[in-house]
Amino acid sequence: MAKTYQYCVAENWGKGFINHDESFRITFKSFPGNVWQVPAYNKHANLWVAKVAGVVKTRDEAQAIVDAEVTAAQSAWDANNVEGETAEQKIERIGNRPADITLGE
Amino acid sequence: MSTYKKEVGTAVQNFAGDYTGAVQGQLWYNSTAGSFQFRSVTTTGSWATGGALNTARFRLGGVGIQTAALAFGGQTPANTAATESYDGSAWTEVNDLNTARSALGDAGTSTSALGFSGPPGSTPVQNESWNGTCWSEVADVNAFRGDPGGAGSDNTSALMFGGTVPTGPETSALTESWNGTSWTEVADLNIARGNQAGTGKLNTAALCVGGSGDPDGTEQWNGTCWTTLANINSGRVNLAAAGTYTSAIVFGGAEDIALTEVWNGTSWTEQGDLAQGGKNIGGAGADNTSGLAFGGQTAPGAAYGDTEEWTGAGSPVTETITTS
């Protein structure tokens, strides 16, 4: 089955990392661990990955990076408790427990 | 046979690289790329990355425009008093709020702003005024709410509407107007809302969008009352907004939404997505052609400091002519 997405790891350096021309032509999605999802078989996406020196990952490799980040965030959330605090108060204080993420093919 | 010179009046010019001075529709030969190119314009708005906040956070206050914005308060996830100023490229830390808090309402500009109310259960009614250098406490709001909508020109004129309440009904329809000295209760929203988006440059002209209670609803304030207008296409909560009551954008929302919609005063149109989808994002901007998204919270729950800059449709882009 043809891939819909390709993945890379690249650190967002701010201004110029994604410019308006690229954003107009490509749909970007970012995930924990500096994982970026862009369209597969797309000239503009390939040029952007090269521009940002993205380290190309397979979908499974990218999923493993995201999973590690989410697991760490979940552990941190579980360990962050205040004595006497209700579940609702905890969510109000630090937000919902981090949810699992499944990357698209 | 028709030629480019005959049609346009000049021959195709040769440039080594992108011809930045080209006007819309102009053709040139890029001798570096070895291809013919022409100037086009974007047909939808898009987001580009900007400089990241120094303190990653969500549920923060944000005011100003794309090249002169202010971010204040928020959760890291602990409540923070940090305030930062954006110059169109980078965020610089400036003087903190007097009280660390999140889920606050916001109004004004980067040199004259107001931050009001805050999270349930702690120092809820405080109102602070920014004079371009520091924050000072001013008169409290009448009825505390978390995540209220905010609009207004500066620290002397603001509007606070909707939001969550710590007791009683979960959401509120209350609206209060600030005249630089005190808050006065005015006409309620048509529908009580919490975790909605609010924007507007005057306390007599504001927009309230989405939120729990009416996730796809839009209400417009004319200085006297709220009027229900066209729904957004994708209803949501914890979304952000920027612009005026007749020219605005909404973006982000729970959970992990990257969608952006553009308001022209009558209807909403979906356009380019954020690269970083999230909720509880800070927003600022002049209108639906120029906006700023900063900070936020991803579905895993983490705070981030990413900034994205919105430019509406009509930006110049270079197209390459290919032959096959």
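Helices (H or I, at least four residues) and strands (E, at least two) are DSSP runs, numbered from the N terminus. This is a predicted model, in which local features need pLDDT of at least 70 and side-chain atom pairs count only at pLDDT 80 or more, while totals for chains, interfaces and linings use all residues. Residues are numbered from 1 along each chain as its sequence is written, and chains are lettered from A and ligands numbered from 1 in the order in which they are written.

**View 1. Helix α2 of chain A has a buried side and an exposed side.**
α2(A) spans residues 43-51. Ala45(A), Trp48(A) and Val49(A) are buried in this helix. Buried means 20 or more other C-beta atoms within 10 Å of the residue's own; exposed means 12 or fewer; partly exposed lies in between; C-beta atoms are placed from the backbone. The buried residues fall within an arc of 100° seen down the axis of α2(A), so they line one face of the helix. The arc is that of the directions from the helix axis to the C-beta atoms. Lys43(A), Leu47(A) and Ala50(A) are exposed on the other side of α2(A). The buried residues of α2(A) pack against β1 (5-9), α1 (20-25), β3 (35-39) and β4 (55-57) of chain A. Ala53(A) follows α2(A) and has a positive phi, near 55°.

**View 2. Chain B in outline: one helix and 28 strands.**
The radius of gyration of chain B is 22 Å, close to the 20 Å that the globule rule gives for 324 residues, so chain B is as compact as a globular protein of that length. That radius is taken over C-alpha atoms, and the globule rule is 2.2 Å times the number of residues to the power 0.38. Along the principal axes, the C-alpha atoms of chain B fill a box of roughly 75 × 40 × 35 Å. Of the 324 residues in chain B, 55% are buried. Chain B is divided into domain 1 (4-41) and domain 2 (46-311), with bounds from an automatic or database domain assignment. The C-alpha centres of these two domains of chain B lie 43 Å apart.

Residues are in contact if their C-beta atoms, placed from the backbone, lie within 7 Å.

**View 3. Strand β27 of chain B is buried along both of its faces.**
Nine of the nine residues of β27(B) are buried, so the strand is largely enclosed by the rest of the structure. Ala303(B), Gly305(B), Thr307(B), Glu309(B) and Thr311(B) point one way. Tyr304(B), Asp306(B), Glu308(B) and Trp310(B) point the other way. β4(B) and β27(B) run antiparallel, joined by five bridges. Strands count as paired if DSSP finds at least two bridges between them. Gly50(B) has Thr307(B) as its bridge partner in β27(B). β26 (residues 290-297) of chain B also pairs with β27(B), in the antiparallel sense over seven bridges. Here the partner of Ser290(B) is Thr311(B).

**View 4. Gly305(B) sits in strand β27 of chain B.**
Gly305(B) has 21 C-beta neighbours inside 10 Å and therefore counts as buried. Leaving aside neighbours within four places in sequence, Gly305(B) is in contact with Ala52(B), Leu53(B), Thr55(B), Ala56(B) and Gly295(B). The C-alpha atom of Gly305(B) is separated by 20 Å from that of Gly115(B), 190 residues apart along the chain.

**View 5. Strands β19 and β20 of chain B form a hairpin.**
β19 (residues 218-221) and β20 (residues 226-229) of chain B pair in the antiparallel sense over four bridges. Trp221(B) has Trp226(B) as its bridge partner. Four residues lie between the strands, and Gly223(B) in this hairpin takes a positive phi near 100°.

Most residues other than glycine have a negative phi, and most peptide bonds are trans. Ala103(B) has a positive phi, near 55°. Ala103(B) counts as buried, with 26 C-beta neighbours inside 10 Å. Asp147(B) also has a positive phi near 55°. Asp147(B) is buried, with 29 other C-beta atoms within 10 Å. A cis peptide bond, omega about -10°, joins Ala254(B) and Glu255(B).

Definitions and conventions. Contact = placed C-beta atoms within 7 Å.
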